[in-house]
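My notes follow in the order in which I looked things up.

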Amino acid sequence: MTIAERPTTTEGAIPQPEAAPAEPRAPARSDELLIIFESGDLERTWGTLILATSAAASGMRVSIFLTFWGFYPLVKPGVRITGENWMQKMLSVLNRPGIDHLRMSRLNFAGMGPWMAKRLARQHGVASPGELLEVARAMGVRLIPCQMTMDMFGLSRDDLIDGLEEPAGAATVLEQIAHGTPALFI
Amino acid sequence: MTVQTTHRVDARGLACPMPIVKTAQAIAGIGSGELLEVLATDPGSTKDFVAWSRTTGHELVEQSVEDGVYRFVLRRK
């Protein structure tokens with residue numbers, strides 16, 4: 001068979017999915033959302049807060065479990081150094097806390113990347129992470145600190161913004177998942 | 001025919017998720033059965049408002065676009 005004789009379509013060769021039903025099937029519904037926020041990166045903080053605020057606006061009960069790097073965005077704006085011993089302090093020195101000082105996971109370029117991303121966001125009417133955090137709190141999104149991370153990083157409740165839930169651990173998160181709450185790890 | 005409304009959200013110039021957030025906040029402040037008009041310029045809002053109305057149960061009564069401004073009319077459930 002020459003190339004010209006080859007069939008030009010693969011129709012029939014690949015199993016096609018059944019035609020979609022006219023009406024979307026009623027899926028299992030959840031009115032809760034859990035986000036395990038671990039990265040603390042600028043772009044992932046943005047994504048986390050956009051999802052959290054949209055879910056809250058859709059009537060969902062939203063919890064964000066803060067762990068590891070996910071804590072630093074929620075350190076109070078005025079607090080520069082956190083921790084008690086030199087290693088804990090070094091973490092906050094090398095990873096400047098605060099929602100206005102987040103780094104990007106790539107193309108950070110010593111802050112040039114975030115500066116450009118924020119500028120582009122402003123030009124396109126995208127709310128900043130700080131603004132979205134305020135919206136999330138106003139809409140009742142629950143922020144649950146991980147007790148283990150707080151201990152390990154030497155973070156106190158006074159270092160963190162007001163209005164957080166009582167610190168908890170993995171079992172608290174897993175109880176929600178066990179009851180069917182969809183969970184995202186960001 | 002254009003439905004007349006008394007409550008309005010102006011989300012022009014705002015990107016996702018603010019049109020939906022502002023709409024959710026505004027609809028919480030009106031009575032059941034009342035209408036809310038939303039103006040937006042985010043092209044994604046045409047899909048988002050349909051999805052949001054399905055998720056929340058607030059009826060999307062009308063949807064139109066004129067000069068790049070999307071207009072949605074929602075009825076609070």
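Predicted model: local features only at pLDDT ≥ 70, side-chain atom pairs only at ≥ 80, totals over all residues.

Strand E2 (residues 35-40) of chain B and strand E4 (residues 69-75) of chain B run antiparallel and are joined by six bridges.

Next I wanted the whole sheet of chain B. It is an open sheet of four strands in the order E1-E2-E4-E3, and its pairing is mixed. Why is one side of strand E1 (7-11) and of strand E3 (59-66) of chain B left without a neighbour in the sheet? Both stand at the edges with a single partner strand each, so one side of each has no neighbour there. I noted an average twist of 15° from one strand to the next in this sheet.

I checked what lies on these strands. H1(B) lies across E1, E2 and E4 of chain B, and it runs at about 160° to E1(B).

For confidence, I looked up chain B and the overall scores. Chain B has a mean pLDDT of 94, with 99% of its residues at 70 or more. The model has an ipTM of 0.89 and a pTM of 0.85.

I turned to chain A. I counted six helices and four strands there, and along the sequence they follow the pattern β-α-β-α-α-α-β-α-α-β. Of the 186 residues in chain A, 30% are buried. I also looked at contacts in chain A between residues at least 6 apart in sequence: 73% of them join residues at least 24 apart.

Chain A has its own open sheet, with four strands in the order E3-E2-E1-E4 and parallel pairing. Strand E3 (142-145) and strand E4 (183-185) of chain A are its edge strands, each pairing on one side only. The twist in this sheet averages 20° from one strand to the next.

Inside that sheet I looked up one pairing. Strand E1 (residues 32-37) of chain A pairs with strand E2 (residues 61-66) of chain A in the parallel sense, over six bridges. In this pairing A:Phe37 stands opposite A:Leu66 of E2(A). Helix H6 (residues 170-178) of chain A packs on the sheet and touches E1, E2, E3 and E4 of chain A, with its direction at about 145° to that of E1(A).

I took one more helix of chain A. Helix H3 (residues 112-123) has 12 residues and spans 17 Å from first C-alpha to last, close to the 16 Å expected at 1.5 Å a residue. Is H3(A) largely buried or in the open? Of its 12 residues the number buried is one, so H3(A) lies largely in the open. Just after H3(A), A:Gly125 has a positive phi of about 70°.

Last, I looked at the contact between the chains. How many residues does each chain bring to it? Chain B brings 12 residues and chain A brings 11 residues. On the side of chain B that touches chain A, helix H1 (18-27) and helix H2 (45-56) of chain B are the elements that give two or more residues. H1(B) gives the most, with four residues. By class, this side of chain B has nine nonpolar, three polar and no charged residues.

Methods: Residues numbered from 1 in each chain as written. Chains lettered and ligands numbered in written order. Contact = placed C-beta atoms within 7 Å. Nonpolar A, V, L, I, M, F, W, Y, C, P; charged D, E, K, R; others polar. pLDDT = per-residue confidence, 0-100. Buried ≥ 20, exposed ≤ 12 C-beta atoms within 10 Å, placed from the backbone. Pairing = 2+ DSSP bridges. Axes fitted to C-alpha atoms, helices over the stretch in contact; angles between N-to-C directions. Expected span 1.5 Å × (residues − 1).
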